Amino acid sequence: TPVDDLTPEAAAAELERLAALLADYDRHYYEEDAPAVSDAEYDGLRRRNLAIEARFPDLVRADSPSLKVGTAPSAKFAKIRHAVPMLSLDNAFSDEDVADFARRVRRFLKLADSAPLAITAEPKIDGLSLSLRYEEGRLVSAATRGDGSVGEDVTANARTLDDIPNRLMGDAPAVFEVRGEVYMTHADFAALNERLARGDDPEEAAPAAEGEAGAEPARKVRQFANPRNAAAGSLRQKDPAVTRERPLRFFAYAWGQASAVPGATQTEVVEAMAGFGFQTNPLMRRFEDIEGLIRHYRMIEAERAALGYDIDGVVYKVDDLKLQERLGFVSRFPRWAIAHKFSAEQATTVVRAIEINV
Ligand code: NAD
């Protein structure tokens with residue numbers, strides 16, 4: 001039924017159904033690292049939920065998917081409460097949406113159209129976000145995003161990644177939480193799935209050891225649907241020894257709690273994190289105009305298939321941290337950032353290209 005034709009009763013029933021359905025899909029995706037439906041289908045349901053809520057604002061449910069980030073942490077892990085919440089990002093699907101974002105930012109800050117406004121653009125890495133807490137330069141804990149407020153304790157697992165230093169280099173703040181994305185390259189993903197299919201991965205070997213002597217142990221062959229799920233499933237292992245065998249990488253692009261923020265802009269803090277010993281994305285740039293952002297988006301889109309890892313868009317962030325602070329947050333998004341998504345059609349092309357390479 002078109003949203004415009006829905007009666008309030010039908011709308012309420014559908015919002016209830018969508019909340020339950022999307023919560024179920026979230027559990028498959030975030031907790032089991034095995035999506036039940038395609039991202040396109042999932043995103044379509046989320047958009048329909050939003051459209052119904054926009055038409056019937058009084059019917060927005062307390063458990064609405066549009067107010068939620070991720071899903072509750074799995075009982076497999078100890079919990080870590082985030083000192084600063086880990087949120088999601090608002091989406092832009094067109095150049096016009098990006099221009100709207102800049103207009104909203106200017107209006108909120110009461111900035112004239114002619115006043116300078118620097119915005120950064122960087123690839124949106126398709127992995128899972130991780131928060132790394134350093135005290136006196138030493139890694140003390142690592143947590144997944146979870147539901148944004150409480151994440152999963154994956155400290156021992158995170159310590160096995162080469163891209164995650166146990167000690168920060170240089171002059172780091174006494175308390176500093178580095179945030180970024182754990183991801184897997186296309187080549188490593190293909191090799192891992194092959195290994196899983198052969199059954200010679202430690203995760204698959206475990207049930208065999210428990211099998212009865214002489215009996216052929218029932219062995220489930222589990223392969224990952226995509227590099228994002230492979231990264232999440234590999235980091236979120238009970239046994240860190242399994243994670244150690246998985247080729248995971250990490251890009252730092254954000255931060256949480258900090259006793260002192262090492263810079264006055266997004267650009268400066270990312271440079272500082274590179275100085276502390278992290279990988280940062282080489283395609284991050286800073287622009288003073290929307291045209292620059294869009295040009296960079298097109299360039300990244302053109303380079304996409306050659307990057308060797310999945311990205312699903314470009315993230316724009318207001319560069320000046322004082323302005324970020326003034327802009328603050330709205331429900332599940334920062335007001336100072338937006339993700340400019342690639343179209344689904346291009347996503348399919350990339351997936352096909354990967355399959356051919358494999
Ligand atoms: P999101 O992934 O669209 O955006 C927020 C995330 O982007 C952040 O948490 C961060 O991890 C990540 N990110 C990557 N690079 C970044 C950068 N440079 N700067 C800042 N952040 C960066 O939002 P979401 O709420 O985490 O997840 C929604 C996505 O997950 C959608 O694409 C959806 O299709 C998919 N999903 C699919 C299913 C399914 O069943 N298929 C279920 C749930 C979610």
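This passage describes the overall build of a predicted protein model and then several of its residues. Residues are numbered from 1 along each chain as its sequence is written. Because the model is predicted, local features need pLDDT of at least 70 and side-chain atom pairs count only at pLDDT 80 or more, while totals for chains, interfaces and linings use all residues; side-chain values use heavy atoms, with hydrogens and water left out.

The protein contains 12 helices and 13 strands (helices are DSSP runs of H or I with at least four residues, strands are runs of E with at least two, and both are numbered from the N terminus). Its radius of gyration is 21 Å, close to the 21 Å that the globule rule gives for 358 residues, so the protein is as compact as a globular protein of that length. Here the radius is taken over C-alpha atoms, and the globule rule is 2.2 Å times the number of residues to the power 0.38. The C-alpha trace spans about 75 × 60 × 40 Å along its principal axes.

Of the 358 residues, 49% count as buried (buried means under 20% relative accessible area, exposed over 50%, and partly exposed in between, with a 1.4 Å probe and protein chains only). The protein exposes about 17,500 Å², of which carbon and sulfur atoms supply 51%; accessible areas come from the Shrake-Rupley method with a 1.4 Å probe, and for residues only the protein chains shown count as cover. Among contacts (heavy atoms within 4.5 Å) with a separation of 6 or more, 76% are between residues 24 or more positions apart.

Helix 7 (residues 227–235) is mostly covered, with 9 of its 9 residues buried. The buried residues of this helix include P227, R228 and N229, as well as G233, S234 and L235.

Q266 is found in helix 9, which covers residues 266–276. With a relative accessible area of 2%, Q266 is buried. Its side chain makes a polar contact with the side chain of Q324 at 2.8 Å (a polar contact is a pair of N or O atoms within 3.5 Å; within protein, one must be able to donate a hydrogen and the other to accept it, and residues adjacent in sequence count only if both atoms are side-chain atoms). When residues up to four places away in sequence are not counted, Q266 touches, among others, T120, Y253, W255, M284 and W336.

A254 lies in strand 8 (residues 249–258). Leaving aside neighbours within four places in sequence, A254 is in contact with E177, V178, R179 and M273. A254 and E181 are 73 residues apart in sequence, and their C-alpha atoms are 9.4 Å apart in space. G44, in helix 2 (residues 39–55), counts as partly exposed at 28% relative accessibility. The C-alpha atoms of G44 and F250 are separated by 29 Å, and the two residues are 206 residues apart along the chain.

Two residues other than glycine have a positive phi: K110, at about 55°, and S331, near 35°. K110 is in the loop between helix 3 (95–109) and strand 3 (119–125), and is exposed, with a relative accessible area of 75%. S331 is in the loop between strand 11 (329–330) and strand 12 (333–334); its relative accessible area of 49% makes S331 partly exposed.
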